[in-house]
Amino acid sequence: MPGAVTEVPAPLTGTVMPLEDVTDPVFSSGAVGQGAGLTPTGDIVVTAPADGTVVVAPDSGHAFGINLDNGVELLIHVGLDTVNLEGKGFDVKVKQGDHVTAGQELVRVDRATIEEAGYPLTTPVLITNTAKFASVEIIADGDTTTGTPLIRVTAPAEDAEEAKEAED
């Protein structure tokens with residue numbers, strides 16, 4: 001829908017940081033997409049923020065790409081450089097091709113394993129198809145909990161005219 005606003009909930013409980021404050025330039029530059037960083041607090045349980053299909057779910061369990069049913073393409077990257085752990089400390093609950101529902105567990109992460117390995121727990125939550133939208137903004141601030149709105153995505157208004165032209 002033209003101008004439609006979608007709120008993407010936080011996939012875990014933590015403290016919100018602006019994407020530019022994430023210490024990995026691949027994420028902070030916005031090269032992968034716009035979004036937010038989350039520093040997990042307490043037990044780390046990453047959930048699907050909305051209904052969608054898992055398109056990326058490596059055995060390492062450190063990242064999940066989900067094409068949400070509403071058209072938003074999301075990447076949740078648990079920790080920075082955590083791919084190097086090759087799955088150690090990650091209890092993965094889903095696989096590529098699974099259809100997930102809002103709140104469904106994607107992975108449980110053993111905080112101690114990540115911390116002992118020396119990797120930051122910062123978790124970028126990115127809209128990888130940012131270019132399709134008029135705007136992608138962080139709407140949470142400070143501490144947030146799983147399921148609380150984190151990112152607002154607004155569809156461009158001009159889609160209506162393109163759709164009309166396509167019909168003609």
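# A guided tour of the predicted model

Begin by selecting residues 24-129, whose end C-alpha atoms lie 20 Å apart, in a span that is 10% helix and 40% strand. Helices (H or I, at least four residues) and strands (E, at least two) are DSSP runs, numbered from the N terminus. For these residues, an unreviewed UniProt entry lists "domain: PTS EIIA type-1"; UniProt positions follow the numbering used here, feature names are shortened, and annotations may be inferred rather than shown by experiment. The model is predicted: local features need pLDDT of at least 70, side-chain atom pairs count only at pLDDT 80 or more, and totals for chains, interfaces and linings use all residues. Residues are numbered from 1 along each chain as its sequence is written, and side-chain values use heavy atoms, with hydrogens and water left out.

**The sheet**

Next, colour the open sheet of 8 strands, which follow the order β9-β5-β6-β7-β11-β3-β2-β13 with antiparallel pairing. Because β9 (99-100) and β13 (143-144) stand at the edges with a single partner strand each, one side of each is left without a neighbour in the sheet. Two strands are taken to pair if DSSP finds at least two bridges between them.

Move to β2 (residues 14-18), which is joined to the antiparallel strand β3 (residues 34-40) by 5 bridges. Along this pairing, V16 stands opposite L38, and P18 has A36 as its bridge partner. Strand β2 is also joined to β13, again antiparallel, by 2 bridges; here T15 is partnered by D143.

**The loop at S60**

Select S60, in the loop between β5 (52-56) and β6 (63-68). With a relative accessibility of 10%, S60 counts as buried (buried means under 20% relative accessible area, exposed over 50%, partly exposed in between; 1.4 Å probe, protein chains only). Its side chain makes a polar contact with the side chain of H62 at 2.5 Å (a pair of N or O atoms within 3.5 Å; within protein, one must be able to donate a hydrogen and the other to accept it, and residues adjacent in sequence count only if both atoms are side-chain atoms). Leaving out residues up to four places away in sequence, S60 touches V83, E86, G87 and F90, where contact means heavy atoms within 4.5 Å.

**The nonpolar cores**

Now display the largest nonpolar core, which has 36 residues; V46, L106, I127, L150, I151 and V153 have the most contacts inside it. Such a core is a set of buried Ala, Val, Leu, Ile, Met, Phe, Trp, Tyr and Cys residues joined through side-chain atoms within 4.5 Å. Elements giving two or more residues to this core include β4 (44-47), β10 (105-109) and β14 (149-154). Centre on I127: beyond its neighbours within four places in sequence, its contacts include V8, V32, L74, F133, I151 and V153. A second, separate core of 8 residues includes M17, V22, A63 and L75.

**The salt bridges**

Finally, turn to the salt bridges, of which the whole structure has 6; each is a side-chain nitrogen of Lys or Arg within 4 Å of a carboxyl oxygen of Asp or Glu. Select R152, whose side chain meets that of E7 at 3.9 Å, N to O. This pair links distant parts of the chain, R152 lying in strand β14 and E7 in strand β1 (residues 5-9), 145 residues apart. R152 also forms a salt bridge with E137 (3.7 Å, N to O), a residue of strand β12 (residues 135-138). R152 is partly exposed at 28% relative accessible area, as is E7 at 42%.
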